[in-house]
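Subject: Structure handover

Hello,

Here is the structure I said I would pass on. Please look at it first; my notes follow below.

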Amino acid sequence: MAQHILIVEDDARLAELIAAYLTKHGYQVSLHGRGDTAPAAILDSRPDLVVLDVMLPGKEGFDVCRDVRPHYSGRILMMTARDEDVDEILGLELGADDYLAKPVEPRRLLARIRALLRRNSSGGRQDGSGVQTESDGIIFGQFSISQGTREALLGDEQIELTTAEFDLLWLLATHAGQVLSRDDIMSELRGIGFDGLDRSIDARISRLRRKLGDNPDAPARIKTVRGKGYLFSRSDWE
């Protein structure tokens with residue numbers, strides 16, 4: 001069965017062009033043009049992925065994302081004519097999985113969608129370090145993370161994570177002991193390379209460190225390897 005994508009976009013011509021392109025590539029596509037009725041449309045149809053514009057009549061996309069995220073486990077790709085880092089960070093903070101600035105090049109949008117949906121359907125595997133990443137999860141001392149339940153625990157406490165934060169933490173944990181560059185992370189999570197300017201990964205790392213109780217001045221759990229990237233430590237979890 002074709003995966004279902006809901007496009008929430010008030011520019012009818014743009015929405016129809018995107019829908020035609022995605023349909024051509026094998027997706028089932030629905031359109032919705034208002035923000036105030038978008039939450040009900042998303043929760044009623046439960047699409048595999050939502051392409052959500054920020055500037056919508058009735059309610060902004062940011063508010064739509066915030067309203068549905070606690071009740072909707074699918075992917076949310078935000079799209080806006082604005083081109084400011086603060087918008088991207090706000091969208092990710094509210095639970096969006098990815099972010100694209102308009103004008104959107106169709107092939108780039110398709111690549112992002114494929115990357116997001118691939119993360120939904122990916123099964124367990126074993127990485128080069130021998131860590132088994134099945135749905136029953138990974139354990140390092142008091143830290144555990146499960147792809148099956150999409151939960152992370154530190155001791156007996158559940159770590160509250162947005163979808164995007166969980167995906168980054170899972171990626172780091174499944175490559176524990178390995179340095180992942182920003183390019184590695186962007187390619188895996190967003191299907192694109194690092195352009196040297198995007199700071200969303202750094203912002204997400206900072207939030208993860210805070211939630212994991214890491215020392216922001218001398219982090220030991222998610223380490224910065226200068227000039228190379230980030231390393232998730234196998235130790236320091238007692």
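F166 is buried, with a relative accessible area of 3%; buried here means under 20% relative accessible area, exposed over 50% and partly exposed in between, with a 1.4 Å probe and protein chains only. W170 is also buried, at 11%.

Before the rest, the conventions. The model is predicted, so local features need pLDDT of at least 70 and side-chain atom pairs count only at pLDDT 80 or more, while totals for chains, interfaces and linings use all residues. Residues are numbered from 1 along each chain as its sequence is written, and side-chain values use heavy atoms, with hydrogens and water left out.

Confidence

pLDDT is the predictor's confidence in each residue, from 0 to 100. The protein chain has a mean pLDDT of 83, and 84% of its residues reach 70 or more. Residues 122–135 have a pLDDT below 50, and this stretch makes 31 contacts in the model beyond near neighbours in sequence; a contact means heavy atoms within 4.5 Å. Where pLDDT is low, the predicted coordinates should not be read in detail.

Helix α6

Helices (H or I, at least four residues) and strands (E, at least two) are DSSP runs, numbered from the N terminus. Helix α6 covers residues 163–174. Its twelve residues reach 16 Å from the first C-alpha to the last, close to the 16 Å expected at 1.5 Å a residue; the expected span is 1.5 Å times one less than the number of residues. Twelve of the twelve residues of α6 are buried, among them T163, E165, D167 and T174.

F166 and W170 are four residues apart in α6, and so are separated by about one helical turn. An α-helix has 3.6 residues a turn, so residues three or four places apart point the same way. The ring centres of F166 and W170 are 6.4 Å apart and the planes make 10 degrees, so this pair is stacked. The rule is that rings of Phe, Tyr and Trp (its six-membered ring) pair if their centres lie within 6.5 Å; planes under 30 degrees apart count as stacked, over 60 as edge-to-face and the rest as tilted.

The four-stranded sheet

An open sheet of four strands has the order β6-β7-β8-β9, and its pairing is antiparallel. Two strands pair if DSSP finds at least two bridges between them. β6 and β9 (157–158) stand at the edges with a single partner strand each, so one side of each has no neighbour in the sheet.

Strand β6 (residues 138–140) pairs with β7 over three bridges, and I139 stands opposite S144. The two strands form a hairpin with two residues between them, and G141 in that turn has a positive phi of about 55 degrees. β7 pairs in turn with strand β8 (residues 151–154) over four bridges, where L154 is the bridge partner of F143. This hairpin has four residues between its strands, with R150 in the turn at a positive phi of about 55 degrees.

In β7 (residues 143–146), F143 and I145 point one way and S144 and S146 the other, and all are buried. α6 lies across β6, β7 and β8, at about 115 degrees to β7; axes are lines fitted to C-alpha atoms, for helices over the stretch in contact, and angles run from 0 to 180 degrees between N-to-C directions.

The three-stranded sheet

Three strands form another open sheet in the order β10-β12-β11, with antiparallel pairing. Two bridges join β10 to β12 (residues 229–232), and V179 has L231 as its bridge partner. α6 packs on this sheet too, touching β10, β11 and β12, with its direction at about 70 degrees to that of β12.

F143 and F232 form a tilted one, 5.6 Å centre to centre with 50 degrees between the planes. This pair links strand β7 to strand β12 across 89 residues. F140, F143 and F232 form one aromatic cluster.

I205 lies in helix α8 (residues 200–211) and is buried, with a relative accessible area of 1%. Leaving aside residues up to four places away in sequence, I205 touches L168, L172, I222 and Y230. I205 and L169 are 36 residues apart in sequence and 8.6 Å apart in space, C-alpha to C-alpha.

Regards
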